[in-house]
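Hi,

Here is the structure we talked about. Please open it next to this email, and then read on.

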Amino acid sequence: MIFEVIERSLRQPNRVIPVEALLGNCDGSRMPDVIASQLTPAISQKLVEVCPTAAFRIEECDGWACLKLSYGECIGCGKCFEPGEGAVVAAKSFTLCGNPKDQLVRVWDLERRTEIAPLRPEPGVVREQIHRLLGKALNVRQLDAGSCNGCEAEIAALTNPYYDLERFGIHFVASPKHADMLLVTGPVTRNMAEAVRATYEAVPAPKLVVAVGACGCSGGIFAGSHAVVGAVDAVIPVDGYVPGCPPTPAMLVTGILKVLRRRIAK
Ligand code: SF4
Ligand code: SF4
């Protein structure tokens with residue numbers, strides 16, 4: 001019986017998602033993208049008014065009015081799509097995952113209807129680069145600092161046969177003492193702040209920290225609550241941020257690999 005099951009599963013076609021389809025993909029995340037040519041000052045004003053987390057802002061940049069979108073604060077609620085009148089659509093690809101915090105913001109010149117410093121897709125990272133950096137696989141410890149568990153559900157999906165995180169040489173470990181990277185979710189609650197600091201101290205150097213989700217990046221929908229200290233970087237140093245509420249597995253992989261690549265480049 002067991003041999004029949006194994007034989008049948010071996011005959012099934014391989015369903016793992018190709019690397020090219022994985023990196024930079026954000027399908028299903030509800031992250032907004034802005035079509036600069038459709039943007040007007042009136043639409044921009046509506047976006048600022050409907051956004052519940054103030055992720056959209058109108059500011060003056062070098063004498064021009066510009067629209068800013070801070071992805072670290074975006075919870076992917078989709079409320080900006082309808083008032084965007086075609087200028088805001090669901091993003092199909094997202095290359096900011098794993099960026100430092102100041103590089104999670106996109107800016108559009110409202111006068112010229114162009115993006116200032118537009119997104120540039122970056123090439124993928126391969127297993128050899130991880131080995132060159134660490135001399136071994138990358139061991140990741142996931143740490144819940146107060147999340148709703150939405151981010152954990154997406155992180156758990158990374159290990160299934162479809163996303164197959166292990167093909168990159170990345171493994172989840174149970175102890176921070178065995179980890180190279182901390183993947184921290186949630187806003188840091190007051191109850192968890194000390195545990196987050198202690199976990200960070202337990203990870204041997206050189207250590208990497210990735211803040212996951214709108215909560216990890218900015219506090220998300222819990223920002224300002226009396227029960228939270230704030231984003232992950234309010235408590236420990238962070239190397240890269242993966243926005244989204246929650247980020248999809250593809251966004252998580254893209255972010256983890258980008259943080260690694262930046263460390264390699266250093
Ligand atoms: S999807 Fe993001 S940017 Fe749009 S309204 Fe919601 S939080 Fe604001
Ligand atoms: S970012 Fe969204 S899914 Fe993740 S912990 Fe916060 S509320 Fe939950």
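Is Lys92 buried or exposed? Lys92 has 62% relative accessibility, so it counts as exposed. Bear in mind that this is a predicted model.

Salt bridges next. The count comes to 10. Lys92 pairs with Asp27, with the closest N and O atoms 3.7 Å apart. Asp27 is in the loop between helix H2 and strand E1, and Lys92 is in the loop between strands E4 and E5, so the pair ties together parts 65 residues apart in sequence. Asp27 counts as partly exposed, at 42% relative accessibility.

Arg106 bridges to Asp33, with the closest N and O atoms 2.8 Å apart. Arg106 sits in strand E5 and Asp33 in strand E1, so parts 73 residues apart in sequence are tied together. Arg106 counts as buried, at 7% relative accessibility.

Lys46 and Glu85 form another salt bridge, at 2.4 Å between the closest N and O atoms. Lys46 is in helix H3 and Glu85 in the loop between strands E3 and E4, 39 residues apart. Both are partly exposed: Lys46 at 34%, Glu85 at 48%.

There is also a salt-bridge network of Arg57, Glu59, Lys68 and Glu73.

Now the ligand. Ligand 1 sits in the largest cavity. Its shell has nine nonpolar, three polar and no charged residues. Among them are Cys51, Cys74, Cys77 and Cys80.

Last, Thr248. This residue is in the loop between strand E13 and helix H8. Thr248 counts as buried, at 10% relative accessibility. Its contacts include Asp27 and Glu154.

Best wishes

Conventions. Residues are numbered from 1 along each chain as its sequence is written. Chains are lettered from A and ligands numbered from 1 in the order in which they are written. This is a predicted model: local features need pLDDT of at least 70, side-chain atom pairs count only at pLDDT 80 or more; totals for chains, interfaces and linings use all residues. Side-chain values use heavy atoms; hydrogens and water are left out. A residue is near a molecule or strand if one of its heavy atoms lies within 4 Å of it. On a 1 Å grid over the protein atoms alone, a cavity is a set of points where a 1.4 Å probe fits but cannot get out, and a pocket is an open set with protein on both sides within 12 Å along at least five of seven lines; lining residues have an atom within 4 Å of a point. A molecule sits in a cavity or pocket if more than half of its atoms lie within 2 Å of its grid points. Ala, Val, Leu, Ile, Met, Phe, Trp, Tyr, Cys and Pro count as nonpolar, Asp, Glu, Lys and Arg as charged, and the others, Gly among them, as polar. Helices (H or I, at least four residues) and strands (E, at least two) are DSSP runs, numbered from the N terminus. Buried means under 20% relative accessible area, exposed over 50%, partly exposed in between (1.4 Å probe, protein chains only). Contact means heavy atoms within 4.5 Å. A salt bridge is a side-chain nitrogen of Lys or Arg within 4 Å of a carboxyl oxygen of Asp or Glu. Lists of a residue's contacts leave out its neighbours within four places in sequence.
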